[in-house]
Amino acid sequence: MDFTVDGLIFLMAAMLIIGVAATKFSSRLGMPSLVLFLIAGMLLSEIIYFENTEFVQLVGILALIIILFEGGTQTSWQSIRPVVGASTSLATAGVLITSGIVGVAAVWILDLSWLEGLLLGAIVGSTDAAAVFSVLGTKNIKAKLTSTLEAESGTNDPMAVFLTVMFIELIQIPETGVWSMISGFIIQMSVGLIAGLVLGRLTVFAITKINLDASGLYPVLALSFAIFTYSGTTFIGGSGLLAVYIMAVVVGNYEIPYRHSILRFNEGFAWMMQIVMFIMLGLLVFPNQLLEVIWQGMLLSLILMLIARPIGVFLSMIGMKYNGKEKLFISWAGLKGAVPIVLATYPIVAGVDNAMLIFNTVFFVVLTSALIQGGTLSWLGNKLGLAGDDKPQSPYSLELIALGKTESEMVELTIPKEAAVAGMKLADITLPKYTLITAVIRKEKILTPTGVTRLKEGDTLYVLTKKKTRDLVKVRFYQKKWVDEEKNETVEMENDETKESGS
């Protein structure tokens, strides 16, 4: 079918409308929305014939950049720092072990050559950031496990890409040196890590120092740096996907102007790209072709979910401070999604024999993984007693919307445990000149701040201050000892939660 410009625009609109409607049904059905996106694409493939694999691959990579950037900016370094070792081991050794077991199984089940079987294993070996971020974002799972899985899914794509490209080259050029490729992978990871850190700091510097004439340009600037990070890192021989995630974590853990605008823009854009990407990936598949590999795909899915992933997790996490229940949950949370399907287009583009068989099988494995594992993740977490506290989320958001040339900024602060200001009246807190507390949110209620308003642990404050005094304001509210500048003495404050104030 030849598409006109108007036809493509109509197709895009239809995909977005169907995708948004699918998210509503997915929450009611208790399954990941990506399953319905893929099914919607498959149904559309019966009406619209679409086979431009290169274009889908391009859209898929662009979507992964945006999804990794959005997920990274929402990741707290404080929460992932304790699990860096575990997530790194899962992202490397875990992927390698999982890929090997699935690859061996694929050789016998699909009657593939050894290299073709290992290629299929490499494609489905990694967890998918888009699937993990979207599913875990709605689950009440302990922070330690959530951080481990998010960090793993954000950093294991380079290993999957490396293995996929390596096996394709070995199939096409058997005399390719494996050791040279392994050394190249180490260089890619190192360059990606360094580039992510450097470009992350550069992004923070640019957003903080530049004065744009429109606040809406700040999210565009941040996203532009993310895309530049991928392309620039790839150009110099590094892992672009790893660099984007590292860069996003750096940006997300700095206080930058228009932070809420940037995060909300990223969230909406990431959802749009997820919808477009999964539906377009579904367009490449025809339901009757999936029926031809149904029993092979189901058998490989069971081997992946029940054997390969658990063995990879338990072996790669030997000696780490995770108990059996936690490792079991991490094993079950190895969701597959966009990355395996995008990687499955590589053999098609490269012209590898049995490329369509590999693609259809991978698609079936992803579909069953998202449906079975994603749909039962919350249930398993509750059964294993791994459900954590509800994620604290303020139902309010306030940000100063003005020309970028303003010298003032609205800062959001939450009073931490044992903070010195907990129990203090606002009138007793010495703040920098031209600083104004505009609102206090306590237990989802907005208090109008006055001099007699007494702060409590967990209060969320919106403070209007000069950009140059922003860090000082944070120190004043976060410190555990209070320095009274007028008396020049340190006063230990006690948190007297029995004292209430009217607003």
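**Stop 1: the largest cavity**

Start with helix α13, which gives three residues to the lining of the largest cavity, the largest share. Helices here are DSSP runs of H or I with at least four residues, strands are runs of E with at least two, and both are numbered from the N terminus. A note before you click further: this is a predicted model, where local features need pLDDT of at least 70 and side-chain atom pairs count only at pLDDT 80 or more, while totals for chains, interfaces and linings use all residues. Residues are numbered from 1 along each chain as its sequence is written, and side-chain values use heavy atoms, with hydrogens and water left out.

Now select Thr-73, Val-251, Gly-252, Ile-256, Arg-259, Ile-262 and Leu-263, which line the largest cavity. Colour α12 (240–252) and α13 (259–283): each supplies at least two residues of this lining. A cavity is a set of points, on a 1 Å grid over the protein atoms alone, where a 1.4 Å probe fits but cannot get out; a pocket is an open set with protein on both sides within 12 Å along at least five of seven lines; lining residues have an atom within 4 Å of a point.

How much space lies in the largest cavity? About 50 Å³. Volume means the space filled by probe spheres set on the points, with grid points joined across faces, edges and corners. A search of the whole structure finds one cavity of 30 Å³ or more. By class, the lining has four nonpolar, two polar and one charged residues. Nonpolar covers Ala, Val, Leu, Ile, Met, Phe, Trp, Tyr, Cys and Pro; charged covers Asp, Glu, Lys and Arg; the others, Gly among them, are polar.

**Stop 2: the second largest pocket**

Select Trp-77, Val-84, Thr-155, Leu-193 and Ile-246. Of the 18 lining residues of the second largest pocket, these lie nearest its centre. The volume of this pocket is about 500 Å³. Show α4 (77–80), α5 (84–109), α8 (143–155), α10 (178–209) and α12, each of which supplies at least two lining residues. Which classes line the second largest pocket? The lining has 13 nonpolar, five polar and no charged residues.

**Stop 3: salt bridges**

A search of the whole structure finds five salt bridges. Each is a side-chain nitrogen of Lys or Arg within 4 Å of a carboxyl oxygen of Asp or Glu.

Pick Arg-309 and Glu-152, whose closest N and O atoms are 2.8 Å apart in a salt bridge. Arg-309 sits in α15 and Glu-152 in α8, so the pair ties together parts 157 residues apart in sequence. Arg-309 is buried, at 4% relative accessible area. Buried means under 20%, exposed over 50%, partly exposed in between (1.4 Å probe, protein chains only). Glu-152 is buried too, at 0%.

Next, select Glu-326 and Lys-144, a salt bridge with its closest N and O atoms 3.5 Å apart. Glu-326 is in α16 and Lys-144 in α8, 182 residues apart. Buried or partly exposed: which describes Lys-144? Lys-144 is partly exposed, at 33%, whereas Glu-326 is buried, at 9%.

**Stop 4**

Finish at Ile-318, in the loop between α15 (294–316) and α16 (324–332). Ile-318 is exposed, with a relative accessible area of 60%.
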